[in-house]
Structures are given as structure tokens and as C-alpha cells.
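Let's take a walk through this structure together, one piece at a time.

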Amino acid sequence: MRHVLSILVENEPGVLSRVAGLFSGRGFNIESLNVGPTLDPTVSHMTIVTIGDDQIIEQIIKQLHKIISVIKVVDLSEEQAVEREIVLVKVGAEDSKRAEVLRIVDIFRCKVVDVSVDELTVEITGDKNKIKAIVTLLQRFGIKEFARSGPIAMRRSMQLAD
Amino acid sequence: MVRTGAQILLECLQREGVDLIFGFPGGAVIDIYDELPNHPIRHILVRHEQGAVHAADGYARASGKVGVCLVTSGPGATNTVTGIATAYMDSVPLVIFTGQVPTQLIGNDAFQEADIVGITRPCTKHNYLVKDVRQLAFTVKQAFYLARTGRPGPVLVDLPKDVIRATAEFHYPESMSMRSYNPRYSPNRKQLRRAAELIAASSRPVVYAGGGVIAADGAGELTRLARDYRLPVTTTLMGLGAFPGTDPLWLGMLGMHGTYTANMAINNADLLISIGARFDDRVTGRVDAFAPQAKIIHFDIDPTSISKNVGVDVPIVADCRQGLVGLMEELARVSGVDWQGKHAAWLAELAAMQREHPLTYASSGEHIKPQWVVEKIYEITQGEAIITTEVGQNQMWAAQFYRYTRPRTFLSSGGLGTMGYGFPAAIGAQLAFPDRLVVDIAGDGSIQMNIQELATAVSYQIPVKVVILNNGYLGMVRQWQELFYNKNYCATCLHTNPDFVALAKAYGAEGFRVERIEDVEPVLRKAFAHPGPVFVDVRVEPEENVAPMVPAGAALSEMLLV
């Protein structure tokens, strides 16, 4: 099962290597990994998407806690969480295709962030389903370049009972 | 007061109570060596950095204190890696100081540069590169704090040459706390109560204890628990000495070369009380057939060890000693149980098994049996020696045929299985206890992996005794080749061993050779009475096997008794 782990770490050299090395050394999967500073300059925030059964996820969380530089680990999959990812996609948009591409961009409430005669670069923000949908639609126009950030996530303020 | 990095480092070591370090100098640490004579710290010059780490490890395991090493950059640092990995696998508290090229040269492929922090990241509990001399004292304090608290382990501190030479005010922190590191020592009461209830309800309980009991200084508590509540005890290799090997409740070691009784006890148990052990593959055999009928209680200070390999019913994260104390408090509250009679049938069953299938070996004809040599060492030392081992058959026979009655008297590389560990570890243990007899039970293969430390033993007159069970083979691998690879003895025959007696003498140590059965005891006695380091080269039965044996990947119940 897919799990999104939100991790607070000490902002110090080598910490990314400690976390990444744990996954490679113990044969765990990383689907995506995302790091950035927090409002506290001594702390960084990582979001890791990983796949495994319950026993493996339990081991991953315990092993992450064991890393001395790791302050906190939350498995957001167990909570109601918002998840967002950003994608930049450069898509072929010659004269005849242009209107169609722009229409899809509009329907999905995406943004065009760069334009040329025959290409458009689109910024997509959303969860993985939205991204999958629009990328599927854009593919027939010819995707020239593609970059995605990997998701970041946050626990919802209101945890509604099932 | 303003001091240099070197002065700060050595001052910190004194504050941490370090009076002995193992090391080897080099260009990057020469400033520390320049300062060393001004401090009351004894330095043992080894002959290879791996020896320094194993010696510090032996010192730490025997004494319970933190072992300390000092080596130079590049090859000095990389030579420590096997020693560090050994200590990491067996949870031994060490602090390793490595020299590093000056900060402005780091990343430049400078002379004797190695990214030792990167290299040792997966085999240290934590490691540091000190980039500012003002951080040095704090880092050293934290390194010792991490090494000795929680699940102990090796911590490496990399010291660039310019940091060692720079100056700063010296402030040593009085105490240490970290927001990201808070090991749990005290057990959860509710879980202890559940454990006590399970023990009261069980009819076939077994205690399975490991090195965690020794690391937590909980051997006394373990012994009390077992005796008061009549619980049979088996331990892992790492747990030998945590429970008296002479006690009637002792079943022997379990696992691949464990006793028949210990393994069958696990197989038939209805309750397993695991204390400071980690369900290693050499212990469990085939995991899905391990303790198939048992509920499992697991005490461990490291949450990652719990339910890692085998699912557990009652997990208890705690220091093993505190866990044992808490468990006994809860057991004392259980009323209406006749503990003396409760497990009598089970204990009788196990005792019968022990009589029927003791550890044994075919009596010798002309050859000296290695097991018998270990029994003789036990007899002569009356179980009072500190025994270290190398890895392989020598290690297993030392585990099987010597009875350990006290913790910290059996020092062996259990997790990593490092050949070449025993001799330098014996040197470290001997320095921790100058008045005790320290014996390395070695093989002719293993001893050659760190034989250069003979020079260390001789130059400081460290009177360790090395008994080489010399069978002319890499015996354990040969045994596997015999049993599982059609006797294809590829690369396991050591036909060109050196003359170990002449070698010992060349280094300035004493050496004896034993080739006849009747000479074993007198020569061992003579060797143990010798005031300096001794090698005893005992020519044993060349193709003797370690038995019994659970083949790799088989269930404990599928033991081969031969």
C-alpha cells in the first residue's frame, strides 16, 4: 500500500543521505522524496511516498525514528490529509493544436507559464489523480519535457469520522 | 581560556573519564599526538587501525565503558570500517576519532582524503564532521552521550586538521539532551501486566535472552527471574554469560549450532520471553517455523528490533534491566500460582532431553579434539577467564564447551562475524582487567587476520593467551563444503600456514606447539602461567565438524545431530 510520510529532520549536512541511505540499505522503496526548509531554519521537512505492506511500513517508521537527526515522523496515510504536487509540462502546441491545449489547461484550472511559437509550458498543481488525468489528455499533443516535484502533504485540521 | 582543538579534544576525553585510547598516528592527527603527552591518557599504539577498533571494542565489552580510538585520515580511517561495523552489529559503545584533511581541501581528492563520514554512515549509530573548533567540545560530549545511551553503538567524529589546530574558548557542556533522541528506558506497566499474566497462564515457557541483557547490566535480574519463577533459559551467542551456564535451568545456546534441548524447547514452547535479543537468522532458522506454538513477549530498548523478523504478542520497549525488574514486580502481584511446581513437568521433559542429547563429540583416537581443548581450558581456568573468539568453528566450540557464569566474559563478533576480532579484542579486555586471565580461542585462519597485533601485545607486555585450534582449514566453510557442496574444498585448505610458534617468538612472545593429547593440559597450564603473551598452536583433528547444526534456512526442529 502507498504511504505518505511527513518527516521533520534537523537541518544539517548529510541528513538527506542518512534518510535516503536507510531506504537503499534496507531495500525499502522510495516513490518520491521531497525536502525543504521549515519556518524554523534549524528544521527541514521531508515528504516521502513509499510502498509496502503494514509490517514494512512499521519498520520504515521505526527505522526513521532511529536516525539520530530525525525529530518526528507522521504517517499521513492514516489521517485525513491534503496532498499536492506540482508538475511542469512542455507540450507541443502548433497552430492547429493550440486552442485544444489551452482548453484542457483551462478545464483543469492549470496555468500556462511559458509560451513559444510551437510549445506551451503548463504548470499543473493537484493530487496524483488530477495530474494523471491531465497528463493523459496532453500526451496526444506530444510532451517534450516533463518535471514533477513529488507530493507534499499536510494533515487536515478537521479529522472527520468515517 | 583559549585552547587549540587538540587540547580541547583531550580535555574532553578526560572529562568523559577516558584514561585509555587505542590509536595509530598520521599526518592529519599529528597535532593531537603532539599534545597527547601532556594529558593523563594512556595511548596504546596498535599495528593496524582495525586492531585499534577491535581492541577498543574488547575493552568496552569487558568493562562496560566506552572504548575510544584515534586514527589518521584516509587509509587510517578506512581501516577502521570493519571494526566499526563489528561494534555496530553487536551494539558496543565506541567513539572513533578520525583525522581529516583541512576543511578547505575536503572534496579535493587531497592526499590521504576519504569521505569517512559518508563511508561509515550506515555502520555507525551517528557520525560527525566537525567544521568549526567552537563546535568541538559540544560534539565530543554528544558523541559519548549517543555511544553509551539507548541501544549503545559506535559514533565517529571526523576532525579536519585545521580544526584541530584552530583555537577557541573551552566550555564543556554539563549535560546533554537532544530533541531528536529520547531513548525509552522504563517499561510500560500495562504491557508488563499482560506479560505477567501470560507467564502465569503458560505451561511451557522459555526465556530467550540476548546481548541486550548484558549491555543493560541485567544478568543478575535475569538470573533472579528464572530462579524465582522456575523458567528455563536459553541465550543467543551474544547473551552467553547473562545466565550461569552451570545452572540446572540453563538449556544451552540456541540457533544454528545451539543445543538440541534449547532448539526443541523453542519449538515446543507455548510462551517465549525474549529479552534483549533480535531474532537473528542464525537464531531463528526458518522464520515461519520459529516457536510455532508460542506467544511471544519481547523486551528490547530498540523498537526497530521488535516485530522485525518475527511477530510479537507483547512488545515492551525498555532497558532490559528495568524491564526485568518491572516484570518481577508484576509477577509478585500474581497470586495463587505455585511457581515451584508450576512448570515441573516441562522442566523434567527438558532435563530428559538434555540427558538424551547433550552437546557431544566422538571420543578421539590419535587426534586432539578441539572441543576437548575448550573443555580443558574451562577446567583449568575454572570458568574464571575472559574468553574472546575469532569467527568460525573456533567460535562455536568456544560457545558450546566453555561454561560462562558471568556477563562480559565471552567476547565474540556475533552479528558481523568478523574473523580477526578475537586477538585485538583480547588485548583490549586484558587492558581493562590487567589481573584476569584473558584467552583468545582462535583458528589458524582467523588468527592471521590481525596477527600483526602480536607486536602490540609484546611491546606493552599484555599477557593475553591465544589458543589456536589449528586444523589446517578454514574449518567452518570446509564443514559447509563437506555437508552441502559435495566436499568440494575449494579455497579452504591452509597448507601453507606459518610456523605459529616461531612467529610468536619472532615477535618476542612465547610460543608452544601441542601435537599429542597428553601434552594439552600441561602445555595449557604452562601457557596460562606465563607472565607475557603466548601463542599455543594446538594441532587438532583436521576435519572435525561443529554439531549439532540447523542447516541455513531450515527450521530449528530440523536439526542435524551429527
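## A helix on a sheet in chain B

Let's start with helix α23 of chain B, which covers residues 520-529. Helix α23(B) lies across β17, β18, β19 and β20 of chain B, and runs at about 170 degrees to β19(B). Bear in mind as you look around that this is a predicted model.

Another helix to find is α18 of chain B, residues 393-401. Helix α18(B) lies across β15 (386-389), β16, β17 (438-443) and β18 (465-470) of chain B. Its angle to β17(B) is about 135 degrees.

## The sheet itself

What is the order of the strands in this sheet of chain B? Going across, you meet β16-β15-β17-β18-β20-β19, six strands in an open sheet with parallel pairing. The edge positions belong to β16 (410-411) and β19 (510-514) of chain B. Each of these has a single partner strand, so one side of each is left without a neighbour in the sheet.

Strand β19(B) is joined by five bridges to β20(B), residues 534-539, and the two run parallel. To see a bridge, pick E510(B): its partner in β20(B) is V534(B).

## Over to chain A

Chain A has four helices and nine strands. If you read along its sequence, the pattern goes β-α-β-β-α-β-β-α-β-β-α-β-β. Taken along the principal axes, the C-alpha atoms of chain A fill a box of roughly 55 × 40 × 30 Å.

One open sheet here has four strands in the order β2-β3-β1-β4 of chain A, and this time the pairing is antiparallel. Strands β2 (32-37) and β4 (70-75) of chain A stand at the edges with a single partner strand each, so each has one side without a neighbour in the sheet. On average, neighbouring strands of this sheet are turned by 15 degrees against each other, direction ignored.

Strand β1(A), residues 2-10, is linked to β4(A) by five bridges, and the two run antiparallel. Look for I7(A), which stands opposite V73(A) in β4(A). Helix α1 of chain A, residues 15-25, lies across β1, β2, β3 (43-51) and β4 of chain A. Helix α1(A) runs at about 15 degrees to β3(A).

## Where the two chains meet

How many residues does each chain bring to the contact? Chain B gives 17 residues and chain A gives 18 residues. Between them, about 1500 Å² of area is buried, and carbon and sulfur atoms give 45% of that.

There are 12 residue pairs in polar contact between chain B and chain A, counting pairs with both residues at pLDDT 80 or more. Sorted by class, the side of chain B that touches chain A has six nonpolar, five polar and six charged residues.

## Charged pairs

Side chains of opposite charge can pair when their charged atoms come close. Across the interface of chain B and chain A, three salt bridges turn up. One of them is between D40(A) and R179(B), with the closest N and O atoms 3.9 Å apart.

Over all chains, the whole structure has 46 salt bridges. Among them is R61(B) with D90(B), where the closest N and O atoms are 3.1 Å apart. R61(B) lies in helix α3 (residues 49-63) of chain B, while D90(B) lies in the loop between α5 (81-89) and β5 (94-100) of chain B, so this pair ties together parts that are 29 residues apart in sequence.

Terms used
Residues are numbered from 1 along each chain as its sequence is written. Chains are lettered from A and ligands numbered from 1 in the order in which they are written. This is a predicted model: local features need pLDDT of at least 70, side-chain atom pairs count only at pLDDT 80 or more; totals for chains, interfaces and linings use all residues. Side-chain values use heavy atoms; hydrogens and water are left out. Two strands pair if DSSP finds at least two bridges between them. Contact means heavy atoms within 4.5 Å. Axes are lines fitted to C-alpha atoms, for helices over the stretch in contact, and angles run from 0 to 180 degrees between N-to-C directions. Buried area is the accessible area (1.4 Å probe) that two parts lose on being put together, summed over both. A salt bridge is a side-chain nitrogen of Lys or Arg within 4 Å of a carboxyl oxygen of Asp or Glu. A polar contact is a pair of N or O atoms within 3.5 Å; within protein, one must be able to donate a hydrogen and the other to accept it, and residues adjacent in sequence count only if both atoms are side-chain atoms. Ala, Val, Leu, Ile, Met, Phe, Trp, Tyr, Cys and Pro count as nonpolar, Asp, Glu, Lys and Arg as charged, and the others, Gly among them, as polar.
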